[in-house]
Amino acid sequence: MTTIVFRDGWVAYDTQAVRSGTVMPESLDKAWRIAGGGVAALCGEFNGSDDLKAWLDDGKAWEQPKIPENTILIVFMPDGAIVEHTSSGKAATKPLHGYYAWGSGQDAALGALAMGAKAHRAVEIAMMFDLGTGGTARQIKIVAENDDGA
């Protein structure tokens, strides 16, 4: 699957790509910047991800594309809003301790976060313990449109 981590305005993720149980040599960018300075991240099945990216880039101006079962599209906005989109609908999420993790490596990542790890490091730790998390750890900062992200 994957691991997506949020902490202190950063979204971190692994880049491992798996098809039919085989780890592929290419890497996946599982998080990307969206209009308004937010960040979207996809956890689970990537079929149809181009449609979801286009839907977000168009400001959700049309009906949400179908999200596969066992897949979560997480939208992080600069105002602190976090919305999870799944095959059964959408729901707002509010991390109780200022951090959260999703995906197959979430338990290891949450343990790392609870011990003070930054988002990027929490994904690296999840890679050590979760077979569904691998590749490299990358991160992207949630920023307001008029902020350069530095």
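Two strands pair if DSSP finds at least two bridges between them. Strands (E, at least two residues) and helices (H or I, at least four) are DSSP runs, numbered from the N terminus.

This is a predicted model: local features need pLDDT of at least 70, side-chain atom pairs count only at pLDDT 80 or more, and totals for chains, interfaces and linings use all residues. Residues are numbered from 1 along each chain as its sequence is written, and side-chain values use heavy atoms, leaving out hydrogens and water.

**Stop 1: the sheet.** Select Phe76. Its bridge partner in β8 is Ile82. Now show β7 (72-76) and β8 (82-86), an antiparallel pair with four bridges. Widen the view to the open sheet of five strands, antiparallel in the order β5-β6-β7-β8-β9. β5 (31-33) and β9 (89-93) are the edges; each has a single partner strand, so one side of each lacks a neighbour in the sheet.

**Stop 2: two helices.** Select α2 (106-114) and α3. Their axes (lines fitted to C-alpha atoms over the stretch in contact) come within 8 Å and cross at roughly 135°, with angles running from 0 to 180 degrees between N-to-C directions. Contact means heavy atoms within 4.5 Å. From α2, Ala108, Ala109, Ala112 and Leu113 take part; from α3, Ala119, Ala122, Ile125, Ala126 and Phe129 do.

**Stop 3: Gly132.** Look in the loop between α3 (119-129) and β11 (137-141). Is Gly132 buried or exposed? Gly132 is buried, at 14% relative accessible area; buried means under 20%, exposed over 50%, partly exposed in between (1.4 Å probe, protein chains only). Beyond neighbours within four places in sequence, Gly132 contacts Met1, Thr2, Asp14, Gln16 and Ser104.
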